Amino acid sequence: QVQLVESGGGLVQAGGSLRLSCTASGTVFRRNAMRWYRQASGKQRDLVAVITTGGSTNYGASVKGRFTNSRDNAKNMVYLQMNSLKPEDTAVYYCYVGRLLRGGPYDYWGQGTQVTVSS
């Protein structure tokens, strides 16, 4: 089974920055868009950011202008740079890869990393 490994979470004050990273096996990484989700305690899991195989990015409205998604294909690594963090960004963050067709179906999730933003 494919493993997605995340790192970079932690505790930061409002206005600070963190960078999350996620890595996957080479075949899965190169063929798929990588997605970031987050889930705060007692709330639904929401899509935060997407990066395609070509490097195009999309962001949820609540993080647009503050978060930046990038990928390093040589390292099989994606990054989520989070700036100007707010307490409402506090959540467990997950990276994700999924396919319905063309070699799928499959769903692979990272183990999650906790981000806590204090006032």
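Start at the hairpin of strand 9 and strand 10: six residues sit between the strands, and among them you can pick out Arg-102, which takes a positive phi near 55 degrees. A word on what's loaded: this is a predicted model, where local features need pLDDT of at least 70, side-chain atom pairs count only at pLDDT 80 or more, and totals for chains, interfaces and linings use all residues. Residues are numbered from 1 along each chain as its sequence is written, and side-chain values use heavy atoms, with hydrogens and water left out.

Now select strand 10, residues 106-109: it runs antiparallel to strand 9, with four bridges joining them. Click Val-97 and you'll find its bridge partner in strand 10, Tyr-108. (Strands are DSSP E runs of at least two residues and helices H or I runs of at least four, numbered from the N terminus; two strands pair if DSSP finds at least two bridges between them.)

Next, strand 4, residues 34-39, pairs with strand 9 in the antiparallel sense over five bridges. Look for Arg-35 opposite Tyr-96 of strand 9.

Then go to strand 11, residues 113-118, which is antiparallel to strand 9 and joined to it by three bridges. Here Thr-113 stands opposite Tyr-93.

So how enclosed is strand 9? Seven of the nine residues in 91-99 are buried, so the rest of the structure largely encloses this strand. Buried means under 20% relative accessible area, with a 1.4 Å probe and protein chains only.

Finally, zoom out: the protein has one helix and 11 strands, and buried residues make up 41% of its 119 residues.

Note on methods
Buried < 20%, exposed > 50% of the residue type's maximum accessible area, 1.4 Å probe, protein only.
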